Amino acid sequence: MIEIEFTPEDVARTRFVISPLWEVIASVRILKGADEQGVHHTWTDRVRSRLAAAKVDLTPLTELIPVPTRALAGFLCPPPTTPLTSLDVELATLRATPLELLRTSSEVAPERIAALRADPERELGRLAEAIEVYWELALAPYWPRILTFLEGDILFRARRLVEGGARSLFNDLDPQVAWDAGTLRLRNRFARGRRTLDGRGLLLVPSAFVWPRVFSVLDGRWQPTLRYPPRGIGTLWAPARTAAPDALAGVLGRSRATLLAELATPASTTDLARRTGLTPGGVSQHLSALRSAGLVAAHRVGREVLYARTRAAETLLTAAHSA
């Protein structure tokens with residue numbers, strides 16, 4: 001059990017952030033077998049085949065993430081300093097990691113850490129490049145859906161904080177977390193003792209790929225951080241309603257609205273044509289128009305191009321369904 005002591009200043013400085021780089025690290029754990037309950041099987045089935053087809057070398061990344069995981073190397077994902085940072089910013093921080101932070105107590109091969117310390121510029125560059133490749137193949141096509149999910153949880157938690165204060169926020173955060181008289185108690189199989197935040201507050205990071213664990217950063221070198229699973233994580237990959245809302249069809253046209261509804265998960269032109277009954281040529285024309293409008297993004301995976309909804313499209317569909 002870890003007990004985290006809060007002062008009034010710590011409560012005032014507690015805030016939420018979203019970290020794309022952390023989602024990279026956490027999702028690699030899932031691909032390496034950490035998803036024993038199969039919560040992410042829809043995603044892993046697609047992504048494993050995609051990575052295999054792309055024939056890319058991700059070992060500079062994957063060999064630093066042990067499974068099973070007692071701990072993760074802190075330098076892999078320093079807590080972000082802004083509420084919604086970008087992967088580019090986080091990778092710039094990673095590339096600039098000081099030599100003294102290139103160490104870990106996790107089950108990483110000692111020779112891998114030795115190589116990082118022997119030539120940090122080269123090895124951190126290789127690591128960042130592997131992360132960029134992995135992101136484009138495994139996460140970028142799904143990021144609008146993941147980001148909408150994470151932001152929805154932050155909005156819910158913020159309401160809990162406003163309505164009931166820190167007790168309401170933390171007692172509803174996760175079964176492994178409890179608030180009692182200014183102390184946050186965190187069940188942890190690998191660490192115990194009391195910690196102080198020293199007036200820095202706590203970063204709360206919702207993570208799509210962390211369940212059923214809660215990961216904490218409390219060693220003093222970085223901003224104190226708690227990475228937790230959002231509410232309803234089991235619904236993240238559930239099929240969305242594919243019927244195009246009439247309100248959206250009235251604005252975009254039935255075919256384009258239907259294509260947006262079908263893109264609950266990334267799909268190719270051929271897949272969309274098969275599922276909608278439209279011709280491949282027609283699907284291509286509609287997707288081009290939707291891309292121009294900022295509603296669809298394209299991601300090349302080997303010889304295949306996958307299309308995915310953007311955040312703007314997710315917002316449109318949510319508004320249309322609730323109209």
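Biologist: Hi! Before we start, what kind of model is this?

Modeller: Hello! This is a predicted model.

Biologist: Thanks. Let's take the open sheet then: how many strands form it, and in what order?

Modeller: The open sheet is made of 4 strands in the order 3-4-1-5, and the pairing is mixed. Strand 3 (177–180) and strand 5 (193–196) are the edge strands, each pairing on one side only. From one strand to the next, the twist averages 25°.

Biologist: Nice. In what sense do strand 1 and strand 4 pair?

Modeller: Antiparallel: strand 1 (residues 2–5) pairs with strand 4 (residues 183–186) over 4 bridges. As for partners, I2 is bridged to L186, and E3 has R185 as its bridge partner in strand 4.

Biologist: And how many bridges join strand 3 to strand 4?

Modeller: There are 4 bridges there, and the two strands run antiparallel. W179 stands opposite L184 in strand 4.

Biologist: What holds strands of a sheet together in general?

Modeller: Strands of a sheet pair through backbone hydrogen bonds, in either a parallel or an antiparallel way.

Biologist: Back to the hairpin of strand 3 and strand 4: which residue takes a positive phi?

Modeller: That's A181, with a phi near 50°; the hairpin has 2 residues between the strands.

Biologist: Which helix lies across strand 3 and strand 4?

Modeller: Helix 8 (residues 143–171) does, running at about 155° to strand 3.

Biologist: Switching topic: where does R112 sit?

Modeller: R112 is in helix 6, which covers residues 110–118.

Biologist: Is R112 buried or exposed, and why?

Modeller: R112 counts as buried because its relative accessibility is 6%, and buried means under 20%.

Biologist: What is R112 in contact with, leaving aside its neighbours within four places in sequence?

Modeller: Its contacts there are P60, E63, L64, E123 and R126.

Biologist: On to pockets. How much space lies in the largest pocket?

Modeller: The largest pocket holds about 660 Å³ of space. Its lining has 29 residues, with A71, L72, S216, V217 and L218 lying nearest the centre. Helix 2 (20–34) and strand 7 (215–217) are the elements that give two or more residues to that lining.

Biologist: Which element gives the most to the lining of the largest pocket?

Modeller: Strand 7, with 3 residues.

Biologist: What about cavities of 30 Å³ or more, how many does the structure hold?

Modeller: The structure holds 1 cavity of 30 Å³ or more. The volume of the largest cavity is about 60 Å³.

Biologist: Which residues line the largest cavity?

Modeller: The lining consists of P141, Y142, P144, R145, L263, A264, T265, P266, A308, R309 and E314. Helix 8, which also lies across strand 3 and strand 4, and strand 10 (304–309) are the elements that give two or more residues to this lining.

Biologist: And how does that cavity lining divide?

Modeller: The largest cavity is lined by 7 nonpolar, 1 polar and 3 charged residues.

Key
Residues are numbered from 1 along each chain as its sequence is written. This is a predicted model: local features need pLDDT of at least 70, side-chain atom pairs count only at pLDDT 80 or more; totals for chains, interfaces and linings use all residues. Side-chain values use heavy atoms; hydrogens and water are left out. Buried means under 20% relative accessible area, exposed over 50%, partly exposed in between (1.4 Å probe, protein chains only). Contact means heavy atoms within 4.5 Å. Two strands pair if DSSP finds at least two bridges between them. Axes are lines fitted to C-alpha atoms, for helices over the stretch in contact, and angles run from 0 to 180 degrees between N-to-C directions. On a 1 Å grid over the protein atoms alone, a cavity is a set of points where a 1.4 Å probe fits but cannot get out, and a pocket is an open set with protein on both sides within 12 Å along at least five of seven lines; lining residues have an atom within 4 Å of a point. Grid points are joined across faces, edges and corners, and a volume is the space filled by probe spheres set on the points. Ala, Val, Leu, Ile, Met, Phe, Trp, Tyr, Cys and Pro count as nonpolar, Asp, Glu, Lys and Arg as charged, and the others, Gly among them, as polar.
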